[in-house]
Amino acid sequence: MPAPQIDLNKKPQARSSTWGKLLLVVGLTAIILLGGGIILWQVTTRQPANHVTQDEASSSNSQGKNTACGPRLPMDSILQEIANQLQMNLDQVKQQVRAGKKLRDLAAGKNISLVRLHTIEIQAFEDGNNQWQRQGCLSPQDYKDNQQRYSVLTPLQLDDEVTDTLTH
């Protein structure tokens, strides 16, 4: 049997690539906009740099302190310890404080008295101070000064200070 003849006039026509090109343009535009949005979000949500005064910089270098010690160390662990004692995570605490609540309000909601909260805060600061000293970030005098400072604050004063720290 002879092979069937193909009529080239009946050959299917190639589809127009207009839809494919349009889809490609829309896809690329979406990727560019999404990427630009992510970059913009990252730039606008960055925390401001902590500024160290010239006196602080010169005193840390002159005392031979560990250069890895930053102004937030061990503050992050202090705040985390306080949040743990309130049976909350740190993000929850920060969110509620930024919404206008004081730390003592959060504690009261957990049936923790102001006196107990003060004890929790003092203990967290002592633990943080000890951590900072172990890391070589504090001179013996700085350690003593920190311990003295937090121990003389009233419960309301210390709570206000911790609450203020949580807003930053």
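Gln87 lies in the loop between α3 and α4 (90-98), where helices (H or I, at least four residues) and strands (E, at least two) are DSSP runs, numbered from the N terminus. Phi of Gln87 is near 55 degrees, a positive value in a residue other than glycine. Most residues other than glycine have a negative phi, and most peptide bonds are trans. Gln87 has a relative accessible area of 66% and is therefore exposed; the classes are buried for under 20% relative accessible area, exposed for over 50%, and partly exposed in between (1.4 Å probe, protein chains only). Asn111 likewise has a positive phi, near 60 degrees, and is a residue other than glycine. The position of Asn111 is in the loop between α5 and α6. With 76% relative accessibility, Asn111 counts as exposed.

The model is predicted: local features need pLDDT of at least 70, side-chain atom pairs count only at pLDDT 80 or more, and totals for chains, interfaces and linings use all residues. Residues are numbered from 1 along each chain as its sequence is written, and side-chain values use heavy atoms, with hydrogens and water left out.

The secondary structure of the protein consists of eight helices and zero strands. Along the sequence the pattern reads α-α-α-α-α-α-α-α. Of the 168 residues in the protein, 23% are buried. The protein exposes about 12400 Å², and carbon and sulfur atoms supply 57% of this area; accessible areas come from the Shrake-Rupley method with a 1.4 Å probe, and for residues only the protein chains shown count as cover. Among contacts (heavy atoms within 4.5 Å) between residues at least 6 apart in sequence, 67% join residues at least 24 apart.

Helix α6 covers residues 114-134, 21 residues in total. The expected span of a helix is 1.5 Å times one less than its number of residues. For α6 this gives 30 Å, and the end C-alpha atoms are 30 Å apart, so the two values agree. The buried residues of α6 are Leu117, His118, Ile120, Glu121, Ile122, Ala124, Phe125, Gly128, Asn129 and Trp132. An α-helix has 3.6 residues a turn, so residues three or four places apart point the same way. The buried residues of α6 pack against α3 (75-85), α5 (103-109), α7 (140-152) and α8 (155-166). Just after α6, Gly136 takes a positive phi of about 80 degrees.

Leu138 is located in the loop between α6 and α7. A relative accessible area of 13% places Leu138 among the buried residues. Leu138 and Cys69 are 69 residues apart along the chain, and their C-alpha atoms are separated by 9.1 Å.

One cavity of 30 Å³ or more is present in the structure. On a 1 Å grid over the protein atoms alone, a cavity is a set of points where a 1.4 Å probe fits but cannot get out, and lining residues have an atom within 4 Å of a point. Grid points are joined across faces, edges and corners, and a volume is the space filled by probe spheres set on the points. The largest cavity holds about 40 Å³ of space. Its lining is formed by Ile122, Phe125, Glu126, Asn129, Asn146, Gln147, Tyr150 and Ser151. Both α6 and α7 supply at least two residues of this lining. By residue class the lining comprises three nonpolar, four polar and one charged; Ala, Val, Leu, Ile, Met, Phe, Trp, Tyr, Cys and Pro count as nonpolar, Asp, Glu, Lys and Arg as charged, and the others, Gly among them, as polar.

Three further residues sit in helices. Gln80 belongs to helix α3 and, with a relative accessible area of 30%, is partly exposed. Gln80 and Asp91 are 11 residues apart in sequence, and their C-alpha atoms are 9.2 Å apart in space. Gln96 is part of helix α4 and counts as partly exposed at 27% relative accessibility. Residues up to four places away in sequence not counted, Gln96 touches Met88, Lys101 and Leu106. From Gln96 to Thr167 the separation is 71 residues in sequence and 9.5 Å in space, C-alpha to C-alpha. Thr163 is placed in helix α8, where it counts as buried at 6% relative accessibility. With residues up to four places away in sequence again left out, Thr163 touches Val97, Lys101, Lys102 and Leu103.

Definitions and conventions: 1 Å grid on protein atoms, 1.4 Å probe; cavity = no way out; pocket = protein on both sides within 12 Å on 5 of 7 lines; lining within 4 Å.
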